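Here is a short report on one protein chain. Sequence and structure come first, then the reading of the fold.

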Amino acid sequence: GNGGGGSVDCTNELTVGVMYEETGGVLNEVEAIRMAASDINDSGVLGEGNCIAVQEELFGGQDTATQRFESGKSLIKGGAIGLISQYSSSARAVIRATNKMVGPSGDTNAEQQGSGEFIHCSGSSTSTSVNLNDDRPAANDDGKPMADDNDSLYRAVADDLLQSKVVWEVLKDSTADTDTVGI
């Protein structure tokens with residue numbers, strides 16, 4: 001498609017939530033998500049009558065974990081089947097809103113919204129603890145706190161452990177044997 005949209009007769013919307021800062025540069029990323037949704041809709045790949053709708057939670061001014069948690073709940077209550085977010089800490093907020101068990105003790109989450117099968121795609125979350133559970137312990141602890149019980153967090157970046165290995169290799173390759181490097 002050409003990203004123009006409007007050519008699909010939509011009777012069944014699949015809502016995708018978007019949680020981003022409300023700033024000029026970042027809004028370009030939100031527009032890119034809208035264009036991708038439009039292209040998918042134009043292609044007809046979802047089948048007749050089905051389309052993607054983008055529901056936005058944009059933040060200006062003060063941005064807190066509580067605000068992200070409430071926004072996550074709002075998106076779920078609004079019918080979103082998943083979330084795309086720029087924030088690294090939104091992963092914990094969404095896990096708190098969607099997972100059945102949270103925290104180091106694995107206590108039942110009284111604030112859970114929906115079925116717990118909510119997909120979250122993050123462009124910046126790197127913590128090893130957020131998407132590992134008791135079956136796959138995190139590198140820094142036993143897989144909690146706030147681990148993704150449902151294996152439904154996807155990240156566009158490697159976790160800190162993998163990133164540190166890459167940084168080490170870059171440092172080794174870009175420094176001479178006589179250089180001193182401090183980290």
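## Helices, sheet and core

The buried residues of α3 are Ser-90, Ala-91, Ala-93, Val-94, Ile-95, Ala-97 and Thr-98. Buried here means under 20% relative accessible area, exposed means over 50%, and partly exposed is in between (1.4 Å probe, protein chains only). Helix α3 is thus mostly covered, with seven of its nine residues buried. Helices (H or I, at least four residues) and strands (E, at least two) are DSSP runs, numbered from the N terminus.

The model is predicted: local features need pLDDT of at least 70, side-chain atom pairs count only at pLDDT 80 or more, and totals for chains, interfaces and linings use all residues. Residues are numbered from 1 along each chain as its sequence is written, and side-chain values use heavy atoms, with hydrogens and water left out.

**The sheet.** Five strands form an open sheet in the order β2-β1-β3-β6-β7, with parallel pairing. Two strands pair if DSSP finds at least two bridges between them. β2 and β7 (153–155) stand at the edges with a single partner strand each, so one side of each lacks a neighbour in the sheet. From one strand to the next, the twist averages 20 degrees. β3 and β6 (residues 119–122) run parallel and are joined by four bridges. Ile-84 stands opposite Cys-121 in β6.

**The helices on the sheet.** α2 packs on the sheet and touches β1, β2 and β3; its direction makes about 155 degrees with that of β2. α3 also packs on the sheet, touching β1, β3, β6 and β7, and its direction makes about 175 degrees with that of β6. Contact means heavy atoms within 4.5 Å. Axes are lines fitted to C-alpha atoms, for helices over the stretch in contact, and angles run from 0 to 180 degrees between N-to-C directions.

α2 has 13 residues and reaches 18 Å from its first C-alpha to its last, close to the 18 Å expected at 1.5 Å a residue. That expected span is 1.5 Å times one less than the number of residues. Arg-68, Phe-69, Ser-71, Gly-72, Lys-73, Leu-75 and Ile-76 are the buried residues of α2. They pack against β1, β2, β3 and α3. Gly-79 follows α2 and has a positive phi, near 100 degrees.

**The core.** The largest nonpolar core has eleven residues: Met-19, Phe-59, Phe-69, Leu-75, Ile-76, Ala-80, Leu-83, Ala-93, Val-94, Ala-97 and Phe-118. Such a core is a set of buried Ala, Val, Leu, Ile, Met, Phe, Trp, Tyr and Cys residues joined through side-chain atoms within 4.5 Å. α2 (65–77), β3 (80–85) and α3 (90–98) each give two or more residues to this core. Leaving out residues up to four places away in sequence, Ala-80 touches Thr-15, Gly-17, Gln-55, Leu-75 and Phe-118.

Asn-99 lies in the loop between α3 and β4 (101–102). Asn-99 and Phe-118 are 19 residues apart in sequence and 8.5 Å apart in space, C-alpha to C-alpha.

**The cysteines.** A disulfide joins Cys-10 to Cys-51 (S to S 1.9 Å). The criterion is a pair of cysteine sulfur atoms within 2.5 Å. Cys-10 lies in the segment before β1 (12–21) and Cys-51 in strand β2 (residues 50–59), so the pair ties together parts that are 41 residues apart in sequence. The link is left-handed, with -70 degrees about the S-S bond.

| Residue | Relative accessible area | Class |
|---|---|---|
| Cys-10 | 28% | partly exposed |
| Cys-51 | 6% | buried |
| Cys-121 | 33% | partly exposed |
| Asn-99 | 1% | buried |
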